[in-house]
Amino acid sequence: MMINNGLDTALAAIVILAICLLGSSRLGLIIKLFALQSLVVSAIPFLLGGDLGIHKIIIAAGTFLLKVVFIPSMLFWAVRHVSIRRDTPSLLGVSLSLLLAGFLVGLSFFLAAQFPLVKITFSDLLIPSAFSTLFIGFLLLISRNKAITQVVGYLVMENGIVLFGFLLLETTPLVVELGIFLDIFVGVFIMGIFINHIQNEFDHTDISQLTALKG
Amino acid sequence: MVEVFPVILRFAVCVLFSPFILGVIGKTKAFFAGKQGPPLLQLYYDISKLIQKGSVYSRTTTWIFRAAPLVSWAAVLIASLLIPLGGLKAPLQFAGDVILFAYLLALARFFTILAAMDTGSSFEGMGASREAAFSCLSEAALFLNFATLVVLSKSISLSRMITECSWDSWVRLGPSFILIIVSYFIILLVENARIPIDDPATHLELTMIHEVMVLDHSGPDFAFILYAGAIKLFVLGGVLVTFLIPFQSRNVVLNTVILCAAMTGLALAIGVVESAMARLRLNRVPSFIIGSFVLALFGLIIALSRA
């Protein structure tokens with residue numbers, strides 16, 4: 001297997017950005033970090049090597065437009081609209097969730113070693129990074145209180161799935177990826193409306209309080 | 001057989017040049033603040049002035065309080081013999097010296113902490129407990145970094161670990177190289193009580209860590225503490241710089257010049273970081289150090305998966 005340093009570094013950067021997301025509590029910073037992570041993800045198809053087909057360009061451009069431009073600006077709009085700036089500290093605490101992230105990274109490398117999916121031709125880091133991003137996104141999703149951070153957690157998970165998708169870039173038809181794009185688009189759109197409605201109804205977006213009776 | 005001249009030169013650089021690094025950091029910070037700042041040689045003036053003064057000892061202190069500055073100064077100076085500095089080879093190297101290196105630095109810190117507790121002042125005890133808590137975390141991260149180097153270089157001698165994984169081989173080593181550099185830089189800031197963790201410029205503030213422990217030291221004792229701090233920064237920075245210096249010549253003097261220039265560059269980088277960042281809230285510091293721990297862990301995992 002040839003060593004592709006640009007790709008390896010980009011993959012490591014994606015995981016590091018996910019870990020940074022886990023460690024930050026300012027909503028503006030969280031959205032910016034997510035946009036940066038998506039930017040790196042959208043650059044991955046070009047780093048994979050091989051010929052540059054229309055397929056790769058559409059995936060990269062789609063990821064860029066949707067996750068670097070559209071979704072972050074929508075999340076920024078939501079943050080401005082509900083005028084919150086900080087997430088409350090996660091249920092686990094920052095230190096514990098960072099340590100958990102380290103553990104999950106280790107777990108993903110272990111899992112990836114057991115993964116007889118396809119013969120990997122570009123980098124042995126792709127599957128572990130995909131797993132790590134997926135797990136850390138999930139951790140972000142379950143450990144935070146504010147709806148917006150949970151949306152970002154969902155999107156980070158989705159970035160991990162996209163990394164998996166790159167593994168099969170040559171074999172999956174374009175329609176599947178376009179379908180995924182549409183899914184995220186609609187998902188975030190609905191969540192944006194949800195956040196807005198929660199805010200209008202309860203004057204806050206703290207999900208943990210939704211289980212209590214009003215009044 | 002080790003040649004004598006390079007060893008003396010190395011030692012001289014370490015002893016004579018290290019206070020200059022702190023001067024460069026101070027100047028950089030002053031530049032960003034739009035101030036004149038203290039002169040580059042300020043620490044030399046401080047040390048020479050403090051040496052000429054007498055020491056004042058509280059009646060509650062014991063010999064530990066008097067020994068601590070000298071012990072920590074000597075410990076970091078011995079630690080400096082274990083690392084290669086740029087092209088200057090380490091005069092002392094054997095398998096497993098990395099453990100000795102880490103624990104010489106720990107010994108220096110241990111005595112500073114003991115001396116702080118020896119004063120019986122609750123204020124210094126508080127600083128000592130903070131220092132102990134944070135150094136536990138940063139030591140774990142430091143060892144993870146070293147473990148990565150051990151895996152990459154397949155050697156447990158510090159000299160080979162550092163020189164085998166230098167700049168020209170990073171293409172081979174890939175992302176773990178970048179990860180350990182970032183992680184190590186954070187450890188460097190933690191160990192030397194620099195800004196995101198501790199502010200060396202504030203005295204008598206309840207949030208400080210390192211400075212509070214040495215409040216009771218005066219005269220020559222305090223000079224040795226300042227000196228030990230400068231040498232510690234030089235030693236830990238030297239490891240990073242040796243890592244990053246892209247080439248080494250065969251000429252010892254030229255190597256020394258390159259080393260000094262690189263150390264000054266590192267000091268500039270630290271100064272920029274200190275100017276750009278605010279000190280972290282005290283309860284965020286452990287998360288910051290654990291972040292560096294996780295980076296090192298990630299680097300180690302990548303290195304292991306490749307090995």
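Trainee: Which residue just after H8(B) takes a positive phi?

Mentor: B:Ala193, with a phi of about 55°. Keep in mind that this is a predicted model.

Trainee: And what makes H8(B) itself close to the expected length?

Mentor: Helix H8 of chain B covers residues 175–191, so 17 residues, and the rule is 1.5 Å times one less than that number. The expected span is 24 Å, and the helix reaches 24 Å from its first C-alpha to its last.

Trainee: Which residues have the most contacts inside the largest nonpolar core?

Mentor: A:Leu21, A:Ile136, A:Val152 and B:Val76, in a core of 152 residues. Helix H10 of chain B, residues 219–244, gives the largest share, 17 residues.

Trainee: What is B:Val76 in contact with, leaving aside neighbours within four places in sequence?

Mentor: Contact takes C-beta atoms within 7 Å. For B:Val76 the partners are B:Leu105, B:Ala108, B:Ala228, B:Ile231, B:Lys232 and B:Val235.

Trainee: How many residues of each chain are in contact across chains A and B?

Mentor: 20 residues of chain A and 16 of chain B. On chain A's side, H1 (5–23) and H4 (94–113) each give two or more residues, and H4(A) gives the most, with nine.

Trainee: What is that side of chain A made of, by class?

Mentor: Twelve nonpolar, six polar and two charged residues.

Key:
Residues numbered from 1 in each chain as written. Chains lettered and ligands numbered in written order. Predicted model: local features only at pLDDT ≥ 70, side-chain atom pairs only at ≥ 80, totals over all residues. Contact = placed C-beta atoms within 7 Å. Helix = DSSP H or I, 4+ residues; strand = E, 2+ residues; numbered from the N terminus. Nonpolar A, V, L, I, M, F, W, Y, C, P; charged D, E, K, R; others polar. Core = buried A, V, L, I, M, F, W, Y, C linked by C-beta atoms within 7 Å. Buried ≥ 20, exposed ≤ 12 C-beta atoms within 10 Å, placed from the backbone.
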